[in-house]
Amino acid sequence: ISTPNATNQTIVSVEEIEEIVGLKVYPNPYQNKITLDNPTSTTAHVTVYAATGQILDIIEVNAFESIKWDDQYNSGLRLLHIETNDKVEVIQVVKY
C-alpha cells in the first residue's frame, strides 16, 4: 500500500536495532518486564504499540539510562517505535 508523504519504516531484529539507534531491548520474548537500555548520549523516545495499533505507553529513555518497562497488558506482539535525534526504527517484541 502506498501512502503519500509517508516514511518507510523497517522492522528489524534486536541485533540490528542496536547497530542503528544504539538502544538495547531485552529479553525477547518477555513475561512481564522488558529492559530498555540506552548506552548512547542521545535520548530515545519509545512508543509501545499493541499489534492492533493501540498505543500502550510512551517512554523516554534518557542518555546512559536503563529502565524496566512493566507491561500490564495481555500477552501478544508489541511494536516499539524508537526515535532518536536523527533515526527512527520499529522493532517487534513478544510478551508471553
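**Strands, a charged trio and a core**

Guide: Let's start with a strand pair: β3 (residues 33-38) and β6 run antiparallel and are joined by six bridges. Strands here are DSSP runs (E, at least two residues), numbered from the N terminus, and two strands pair if DSSP finds at least two bridges between them. Keep in mind that this is a predicted model, where local features need pLDDT of at least 70 and side-chain atom pairs count only at pLDDT 80 or more, while totals for chains, interfaces and linings use all residues. Residues are numbered from 1 along each chain as its sequence is written, and side-chain values use heavy atoms, with hydrogens and water left out.

Visitor: Ok, and which residue in β6 is the bridge partner of Asp37?

Guide: That's Ser66.

Visitor: What order do the strands of that open sheet come in?

Guide: The order is β2-β3-β6, three strands with antiparallel pairing. From one strand to the next, the twist averages 15 degrees (axes are lines fitted to C-alpha atoms, and angles run from 0 to 180 degrees between N-to-C directions).

Visitor: New topic: how are β7 and β8 joined?

Guide: Through a hairpin of four residues. The two strands run antiparallel, with eight bridges between them. Arg78 stands opposite Val93 in that pairing.

Visitor: Is Val93 buried or exposed?

Guide: Val93 is buried, because its relative accessible area is 1% (buried means under 20%, exposed over 50%, partly exposed in between, with a 1.4 Å probe and protein chains only). Val93 is found in strand β8, residues 88-95.

Visitor: What does Val93 contact, leaving aside its neighbours within four places in sequence?

Guide: Its contacts include Val25, Tyr30, Ile34, Leu77 and Leu80, where contact means heavy atoms within 4.5 Å. Leu80 is 13 residues away along the chain, and the C-alpha atoms of Leu80 and Val93 are 7.6 Å apart.

Visitor: How many salt bridges are there?

Guide: Two, counting a side-chain nitrogen of Lys or Arg within 4 Å of a carboxyl oxygen of Asp or Glu. Side chains of opposite charge can pair when their charged atoms come close.

Visitor: Which residues are linked in the network?

Guide: Asp71, Arg78 and Lys95. Arg78 meets Asp71 at 2.9 Å, N to O, and Asp71 meets Lys95 at 3.8 Å, N to O.

Visitor: Last one: which residues touch the most other members in the largest nonpolar core?

Guide: Leu23, Leu36 and Leu80, out of 19 residues. β4 (44-50) is among the elements that give two or more residues to this core, and β4 has the largest share, four residues. A nonpolar core is a set of buried Ala, Val, Leu, Ile, Met, Phe, Trp, Tyr and Cys residues joined through side-chain atoms within 4.5 Å.
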